[in-house]
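Please keep the sequence and the three-dimensional view at hand while reading.

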Amino acid sequence: MDEFSDGNFNDFKAPNSEAVRAVEFSGFGGDFFSTGSDGFIYKWNLDDLDAEPQVIAEANNEYSNREIRISPDKRWMVVTSDSSDVRLYNMQDMEKAPVVLDNHDGFVRDVEFMPDNSGLITLGYDRKLVFYDFNRSRVLKRTENNINRFKIAPDNRTIYAGTTDGKVIRLPI
């Protein structure tokens, strides 16, 4: 197996020593975002490896961030943490406070945007899948299986999920 040995695999220097838990490409040129244990959201410039990352969102709670995703239309960024909060940022106005979605008992383990940009679905450790349509939210289904991760099918009608007991299940939306 080849090893990374060209020296360019570790050029981005985080401004702290906390764990980075998630990275996501912006879809706008050479930028990507990271977040993690320090609770901050950073924007990195792939075109300038020596530049310090820009702080997009300050840590606003005592919890570590877990996941970061950007919607297919690049309008929304969602961030989850060790709390039950799901923070939804408008990428056209990152100065504006995020909308906080809170329908879980415990932290959110997975989040995905609907392929057609109509909303997003979250999966919490409370075993609830929650659909947010950006106007209101509703609990889709309390699962009978312990879902680890899920993906939304491109047709927006089906969720495919992997469970802790080795199954892949299909759930209609």
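## Aromatic rings

Two rings of Phe, Tyr or Trp, the last represented by its six-membered ring, count as a pair if their centres lie within 6.5 Å. The model to which this rule is applied here is a predicted one.

Which residues do ring pairs link into a cluster? The members are Phe25, Phe32 and Trp44.

## Overall composition

The protein has 173 residues, and 42% of them count as buried. Its secondary structure consists of 15 strands and zero helices. The exposed surface comes to about 9900 Å², of which carbon and sulfur atoms supply 45%.

Contacts along the chain may also be considered by sequence separation. Among those between residues at least 6 apart in sequence, 34% join residues at least 24 apart.

Strands of a sheet pair through backbone hydrogen bonds, in either a parallel or an antiparallel manner. In this protein, four strands form an open sheet in the order β5-β6-β7-β8, with antiparallel pairing. Its edge strands are β5 (65-70) and β8, each of which pairs on one side only. From one strand to the next, the twist averages 20 degrees.

Strand β6 covers residues 76-81 and pairs with β7 in the antiparallel sense over five bridges. A hairpin of four residues connects β6 to β7. Within this pairing, Trp76 has Asn90 of β7 as its bridge partner. On the β8 side, β7 forms three bridges with residues 99-101, again in the antiparallel sense. Here Val86 has Leu101 of β8 as its bridge partner, while Arg87 stands opposite Val100.

Is strand β7 largely enclosed or largely open? Four of the five residues in this strand, which spans residues 86-90, are buried, so β7 is largely enclosed by the rest of the structure.

## Arginines over aromatic rings

Arg66 lies over the face of Phe107, at 4.0 Å from the ring centre. Likewise, Arg109 lies over the face of Tyr125, at 3.6 Å from the ring centre.

Asn117 is placed in the loop between β9 (108-113) and β10 (120-124). With a relative accessible area of 24%, Asn117 is partly exposed.

Asn156 also has a positive phi, of about 65 degrees, although it is not a glycine. This residue belongs to the loop between β13 (147-152) and β14 (158-163). The relative accessible area of Asn156 is 15%, so this residue is buried.

Key:
Residues numbered from 1 in each chain as written. Predicted model: local features only at pLDDT ≥ 70, side-chain atom pairs only at ≥ 80, totals over all residues. Heavy atoms only, no water. Buried < 20%, exposed > 50% of the residue type's maximum accessible area, 1.4 Å probe, protein only. Helix = DSSP H or I, 4+ residues; strand = E, 2+ residues; numbered from the N terminus. Pairing = 2+ DSSP bridges. Phe/Tyr/Trp six-rings, centres within 6.5 Å; stacked < 30°, edge-to-face > 60°. Lys NZ or Arg CZ within 6 Å of the ring centre and 35° of its normal. Axes fitted to C-alpha atoms, helices over the stretch in contact; angles between N-to-C directions. Contact = heavy atoms within 4.5 Å. Areas by Shrake-Rupley, 256 points an atom, 1.4 Å probe, with all protein chains shown as cover.
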